[in-house]
Amino acid sequence: GNRAVLTLADGSVIVLDSAENGTIARQGGAKIFKLAAGKLSYEGVTGASAGFNTITTPRGGQYQVTLSDGTRVWLNAASSLRYPALFEGRNRKVQVNGEAYFEVAGNKQQPFLVDLNGECEVKVLGTHFNVNNYANEESVRTTLLEGSIQVTRGEVSKMLKPGQQAVVKEGIAVDTNVDAAAVTAWKNGFFNWQDKSLKEVMKQLERWYDIDVKYEGTIPGIRFTGDMDRGVELSEVLTFLSESGIKLKLERRTVVIK
């Protein structure tokens, strides 16, 4: 559900899922509003000093924030976004851990930069894209839906066109055959498991249902297809997996797969 914690520049913490709607804080020249349906919004005078904020979602949580420049960001489960309450200087720089979808407000005089946990950086003027840099994933993935972006790691840079994905591991590889709708399914309330392995599926379930997964023996080499609503209860998901021939058991909050 819509669950997140907001940490202000002075270190104070606001639990957003229990905070009332309306103005929840003032920071320098910025006013911070909690809106209905899991949304946070900033207003203020650009250039006024206000410090950095961090919004963090737990496993099983998601949230949406509209930054002071009008950029909208959707955060997936077990993710965080660090950003200035008001943008000042020559660029608009934020930092992401986990997964986020961006709709960046255009501003040619102030490029938008996304730091992916020091692994690489995404530069954009105004566009729609998804980033995924969870710590337990093998690579950092940036997928472009609209506009153009530049992905940089060290001295290497790649420009992306809509429908392309930059895969950052030791270098940067560009995948030109990406189903962007599948990548952003989480933002629209779905899991997309088109041609996904059991291990890939279980990583998504771990983050959304706040469970741990343990394997005993060899991981079954099956692949999935189709999608599933993220509103389905965990018990139903485990029943589906069991009926699909996967031997599993639930021990408290750990799913053991044999």
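These notebook entries record what I looked up in the predicted model shown above.

**Conventions.** I work with a predicted model in which local features need pLDDT of at least 70 and side-chain atom pairs count only at pLDDT 80 or more, while totals for chains, interfaces and linings use all residues. I number residues from 1 along each chain as its sequence is written, and side-chain values use heavy atoms, with hydrogens and water left out.

**Entry 1: the sheet.** I looked up the strand order first. Nine strands make an open sheet of mixed pairing, ordered β2-β1-β6-β9-β10-β12-β13-β16-β17. Strands (E, at least two residues) and helices (H or I, at least four) are DSSP runs numbered from the N terminus, and two strands pair if DSSP finds at least two bridges between them. The edges are held by β2 (13-15) and β17 (156-160); each has a single partner strand, so one side of each is left without a neighbour in the sheet. I note an average twist of 20 degrees from one strand to the next, where axes are lines fitted to C-alpha atoms and angles run from 0 to 180 degrees between N-to-C directions.

**Entry 2: pairings around β9.** How many of the residues of β9 are buried? I find four of the five in β9 (residues 80-84) buried, and the strand is thus recorded as mostly covered. Buried means under 20% relative accessible area, exposed over 50%, and partly exposed in between (1.4 Å probe, protein chains only). β6 and β9 run antiparallel and are joined by five bridges; Thr54 stands opposite Arg82 of β9. On β10 (residues 92-97), β9 pairs over three bridges, again in the antiparallel sense, and Ser80 has Asn97 of β10 as its bridge partner.

**Entry 3: β13 and β16.** I also examined β13 (residues 120-124), which runs antiparallel to β16 (residues 149-153) and is joined to β16 by four bridges. Val122 has Val151 in β16 as its bridge partner.

**Entry 4: salt bridges.** My search of the whole structure returned 10 salt bridges, each defined as a side-chain nitrogen of Lys or Arg within 4 Å of a carboxyl oxygen of Asp or Glu.

I took Arg59 and Asp210 as one case: their closest N and O atoms are 3.0 Å apart. Arg59 sits in the loop between β6 (52-56) and β7 (63-66), and Asp210 in the loop between α2 (198-209) and β22 (212-215), so the pair ties together parts 151 residues apart in sequence. Arg59 is partly exposed at 26% relative accessibility, and Asp210 is partly exposed at 32%.

Glu137 and Lys203 form another salt bridge, at 3.6 Å from N to O. Glu137 belongs to the loop between β14 (128-132) and β15 (140-146) and Lys203 to helix α2, 66 residues apart. Is Lys203 buried or exposed? I find Lys203 buried at 14%, whereas Glu137 is partly exposed at 27%.

For Arg223 and Glu200, the closest N and O atoms are 3.8 Å apart. Glu200 is partly exposed, with 34% relative accessible area. I also record one network in which salt bridges with shared partners join Arg59, Asp210 and Asp212.

**Entry 5: Gly189.** I located Gly189 in the loop between α1 (180-183) and β20 (190-192), partly exposed at 24%. Which residues is Gly189 in contact with, leaving aside its neighbours within four places in sequence? I find Met228, Asp229 and Arg230, contact meaning heavy atoms within 4.5 Å. Gly189 and Asp229 are 40 residues apart in sequence, and their C-alpha atoms are 6.1 Å apart in space.
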